[in-house]
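Work through the exercises below with the sequence and the 3D structure at hand. Try each task before you read its solution.

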Amino acid sequence: MTSSSIPDKIAPLVSAVRDRFSGVLGLAAANLATGEEIAVEADRTFPTASAFKIPVMVEVFRQERAGHLRLDERLELRPSDLVRGSGVLRDLMPGLTPTIYDLAMLMIVVSDNTATNMLIDRVGGIEPINRTMQERLGLSSIVVHNRIDFDLIGDDNRRIAEASPRDLMRLCALIAREELIDAEASRQMLAIMRRQHYLDQVPRYIEYNPYGPEFNLPQPVWFANKTGGLPGMRSDAGVISLPGDVRIAYCTMTEHSADTGFTFENEAEIANGILGRILVEYWWPGDWAAAGVGRSSPYVDAVLGSAGAVRA
């Protein structure tokens, strides 16, 4: 497949998203039930921001299965561990002793930077993570360059990590198929990703209730994902579960956006949200108009028009 491959039915809609976006946009998505793929600049290397925390989680579970660490092992939070940016550990008192599983959960669901660095240190640094991605899994574009250090990163978003949308999508597909490390490890990682708190990108325009299972509420769509964001770029990689055992592995990535802010209506988050809506509507296994899972928005309407435009 070439770097860009879009079904004719949705090509004008994807083009409309790209035309409205000030930067560069990449997308890789696969319907795991049919094998159909969608690609837009899928092999271009983008900065990942916090989406690189999925490879960190993978290495944690790989080493756990290899007997190099235990998920119930406790690590002490030291003053030197505290990192600025997203997460909650930065706001808590040193001396806490979360388990490695706790740290993995915090790293994914609230993108905790302190938890991330603690896990990177525990697995032996960035080198084992890169070996697993590139040598063991053949995902050559996924490269972690540094622990999270904003003084080192400066104004270069690529100094944390880089990847192509296709390789991050393939990583998520392995988890969804229960083929990464082993079936149980894949299920555990997917369960963590389903607890995600940041739903402002690909799930943005889908009526999705992340608290559904806790309150025994019906849930036709599920997301298991990890987002990332730095000035001028956003990323979102994960798995979407639809009725009828339809699963979509995906990754959206952007960079060079003129919008460098972190407001709720960030340009890149809206673009990724519309792409997510297109994916769900295109691969929805039934009557989309009757599904009631699309969220109304002027931004969606500007691209998709009336409900069901993807199916038209």
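This is a predicted model, in which local features need pLDDT of at least 70, side-chain atom pairs count only at pLDDT 80 or more, and totals for chains, interfaces and linings use all residues. Residues are numbered from 1 along each chain as its sequence is written, and side-chain values use heavy atoms, with hydrogens and water left out.

**Exercise 1. Cysteines**

Find how many disulfides the structure has.

*Solution.* 
- Step 1: recall the bond. A disulfide is a covalent bond between the sulfur atoms of two cysteines.
- Step 2: set the cut-off. The two sulfur atoms must lie within 2.5 Å.
- Step 3: check the distance. From the sulfur of Cys172, the closest cysteine sulfur is in Cys251, 7.1 Å away, which is too far for a bond.
- Step 4: check the surroundings. Buried means under 20% relative accessible area, exposed over 50%, and partly exposed in between (1.4 Å probe, protein chains only). Cys172 is buried at 1%, and Cys251 is buried at 1%.

**Exercise 2. Aromatic pairs**

*Solution.* 
- Step 1: set the rule. Rings of Phe, Tyr and Trp (its six-membered ring) pair if their centres lie within 6.5 Å; planes under 30 degrees apart are stacked, over 60 edge-to-face, and the rest tilted. The structure holds 4 such pairs.
- Step 2: locate the rings. Helices (H or I, at least four residues) and strands (E, at least two) are DSSP runs, numbered from the N terminus.
- Step 3: check burial. Tyr208 is buried at 10% relative accessible area, and Phe223 is buried at 1%.
- Step 4: look wider. Ring pairs link Tyr208, Trp222 and Phe223 into a cluster.

**Exercise 3. A helix**

Compare the span of helix α9 with the expected value, and describe its cover.

*Solution.* 
- Step 1: The expected span is 1.5 Å times one less than the number of residues.
- Step 2: compare. Helix α9 (residues 267–283) has 17 residues and reaches 25 Å from first C-alpha to last, close to the expected 24 Å.
- Step 3: judge the cover. In α9, 17 of 17 residues are buried.
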